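Here are a few notes to read alongside the model.

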Amino acid sequence: MRILITGATGQIGSELTLELRKRYGGDQVIAAGHRKPASEELLASGPFVALDVADRNAFGQVLREHRIEVVYHLAAVLSASGEQNPQRAWEVNVLGLYHLLELARELGIRQIFHPSSIAVFGPKTPRDRTPQDTVLSPTTMYGVTKVTGELLGEYYARRYGVDIRGLRYPGIISSVTPPGGGTTDYAVEMFYYAVEGKPYTCFVGPETALPMMYMPDCLRSALELMAAPAERLRARTYNITAMSFTAGELAAEIRRHVPDFRVEYKPDFRQTIADSWPRSIDDSPAREDWGWKPRYGLAEMVEEMLRALRARHAAGKLYAAEAR
Ligand code: AKB
């Protein structure tokens, strides 16, 4: 199976690339990104190509040259960056997907994974245990692009038989590549500061609750959805979650392991974005249709995050500033 991962240098892409290379072999999995990977392992374990997904010719060339059959299309501008540059968010998130869908029908790409986000929801959506089928009326450009992406995918599936599948990811927490430009990034940054022994200034208030997921669950959910028999799937894009906590609860859980960790709260424009998103998600359709079940809750995730980041810190390979 020849696989392409766009956004391969990003938070999810960098780990998904390594996982897919373990399963299918390094040469079968092509990593594509708009910048050179920071990780030596990513460069050493298989091919890397530079790609701007908004450039249709370049996208087509990569798909043809590498005889790609399956695409994990992770390239995206996230919510906070999207508010700084909404035009670029549209180009990458919508135009990039549109090019891929057109190329998929032309070249007969077998399967596409395209993540969506809790950002498809907005202030008019019920905020607790937000259901799968509900109001999709986001107030961020990122949310607008993700709703558009879901609808485009459904159209191409119905009209042209493209097998595209997606998940509405919550905030993803990981210890390898820091996220960039998201509203949920504080939930990763906090760990870096705690491990470095530095106080952290959090850009949302302590009462802000959002749904979250630890990276191993995030990777497994994508791979399980892609492997699910098509006839079991009632939706193209599923709600998915693992846990929900407030920023204050996360700080308190970290403090159980790092007692002198200090957090100051200074909400900025990202507070408004967080306030427009669900506090918790109902992912029962994913559980019923393809057996989704998270393995990590808050306590297990915090323990593992601290263990992984402390090891990097001890090896001199961790800088709190890199998480910002
Ligand atoms: C963001 O904060 O923008 C992302 C997301 C929830 O999609 N992490």
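**Notes on the ligand site**

1. By class, the shell around the ligand holds four nonpolar, five polar and no charged residues. Here Ala, Val, Leu, Ile, Met, Phe, Trp, Tyr, Cys and Pro count as nonpolar, Asp, Glu, Lys and Arg as charged, and the others, Gly among them, as polar. The residues surrounding the ligand are L78, S79, S117, I118, Y142, G182, T183, T184 and W277, each with a heavy atom within 4 Å of it.

2. Before going on: this is a predicted model, where local features need pLDDT of at least 70 and side-chain atom pairs count only at pLDDT 80 or more, while totals for chains, interfaces and linings use all residues. Numbering runs from 1 along each chain as its sequence is written, and side-chain values use heavy atoms, with hydrogens and water left out.

3. Now the polar contacts (pairs of N or O atoms within 3.5 Å). A side-chain N or O atom of S79 is 2.5 Å from an oxygen atom of the ligand. T183 brings a polar backbone atom 2.7 Å from a ligand oxygen, and T184 has a polar side-chain atom 2.9 Å from a ligand nitrogen. Of the 250 Å² of accessible area that the ligand has on its own, the protein covers 93% (Shrake-Rupley method, 1.4 Å probe).

4. Why does the ligand lie between domain 1 and domain 2? Both domain 1 (3-170 + 214-239) and domain 2 (172-212 + 242-280 + 295-323) give residues to its shell, so it lies between them. These bounds come from an automatic or database domain assignment.

5. The C-alpha centres of domain 1 and domain 2 are 24 Å apart. Their contact (heavy atoms within 4.5 Å) takes 31 residues from domain 1 and 31 residues from domain 2.

Definitions and conventions: A polar contact is a pair of N or O atoms within 3.5 Å; within protein, one must be able to donate a hydrogen and the other to accept it, and residues adjacent in sequence count only if both atoms are side-chain atoms.
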